[in-house]
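Thank you all for coming; I would like to take a few minutes to walk through one structure with you. Please have a look at it first, and then I will go from the overall fold to a few individual residues.

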Amino acid sequence: MNRPNALLPAFRPTPSSEHEQPPFIVLEGVSGIGKSTLARLLARRLNGTALHTLADPHNTWSKAVAQQMEALPQIAFYLSGLLHVSDLIRNALAHGPVIADRYAPSVTARQAAIHSVNPSDVDALIAPFHRYLLTPDHTFYLRCSEHTLRERMAVKDDTKQDDTDLFDIPGRLKTLIANFETVAAGDHTAVILDTDGMDPEDLADVITDHMERAHA
């Protein structure tokens, strides 16, 4: 459970409803694996909200500013975006389920890969703020083979630098996969999904079935 009361009053998040909230789920995995498409599909099925980490204004700033920062300021920037999206999630949960395309695991796994450190080193920097972050009900870690990832990337219509870096930077894909496995191993909300041979509708079926069983 989150412990927002451990923070100074001025820095506590807006209190959530005392009533049972709709589900908050997270989709994780390397760029191009299909998180955004799946998040939109699940939002339609569940009559919920799909949010991306980073959300605006951080998403816009990241392209113009964050990539020019040194390692520690860059991690602080993405932590700021994570705290911001946690507030957006709290607000959206007042209206229905929330599906987040990336969340804290991505900040840890990606920053560790970019700066060639262990995920535990990044998590140690983020740890003092864990109490602020809303805890997901389920975090679905999507995995696939490199062959499948290349196929999906080839038809992606909004390719970004994160996508091309996976194959252009030696060792980046292997490191990211290992980092996500490390993070998932310590995540009590983790559900591992192998996505080879599955389309977004198939994955949405698996996820909604899992949620129904978990809350039966």
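Predicted model: local features only at pLDDT ≥ 70, side-chain atom pairs only at ≥ 80, totals over all residues.

Residues are numbered from 1 along each chain as its sequence is written, and side-chain values use heavy atoms, with hydrogens and water left out.

Let me begin with the fold. The protein has nine helices and five strands, where helices (H or I, at least four residues) and strands (E, at least two) are DSSP runs numbered from the N terminus. Read from the N terminus, the order of these elements is β-α-β-α-α-β-α-α-β-α-α-α-β-α.

As for overall dimensions, the C-alpha trace spans about 45 × 40 × 30 Å along its principal axes. The radius of gyration is 17 Å, which agrees with the value near 17 Å for a compact globule of 216 residues; this radius is taken over C-alpha atoms, and the globule rule is 2.2 Å times the number of residues to the power 0.38.

Of the 216 residues, 44% are buried, and here buried means under 20% relative accessible area, exposed over 50%, and partly exposed in between, with a 1.4 Å probe and protein chains only. If we take contacts between residues at least 6 apart in sequence, 78% of them join residues at least 24 apart, a contact being heavy atoms within 4.5 Å.

Let me turn to helix α1, residues 35–46, whose 12 residues reach 16 Å from the first C-alpha to the last, close to the 16 Å expected at 1.5 Å a residue; the expected span is 1.5 Å times one less than the number of residues. Which residues of α1 are buried? They are K35, L38, A39, L41, L42 and A43, and the buried residues of this helix pack against β1 (24–28), β2 (49–52), β3 (98–101), β4 (138–143) and α9 (200–214). The helix is followed by N47, which has a positive phi near 55°.

E28 counts as buried because its relative accessibility is 0%. Leaving aside neighbours within four places in sequence, the contacts of E28 include K35, R102, S106, T139 and F180. With S106, the separation is 78 residues in sequence, yet the C-alpha to C-alpha distance is 6.8 Å.

R102, one of those contacts of E28, lies in the loop between β3 and α4 (104–114). R102 has a positive phi of about 80° although it is not a glycine, and with a relative accessible area of 8% it is buried.

Is S116, then, buried or exposed? S116 has a positive phi as well, near 55°, and its place is in the loop between α4 and α5 (119–126); at 69% relative accessibility, S116 counts as exposed.
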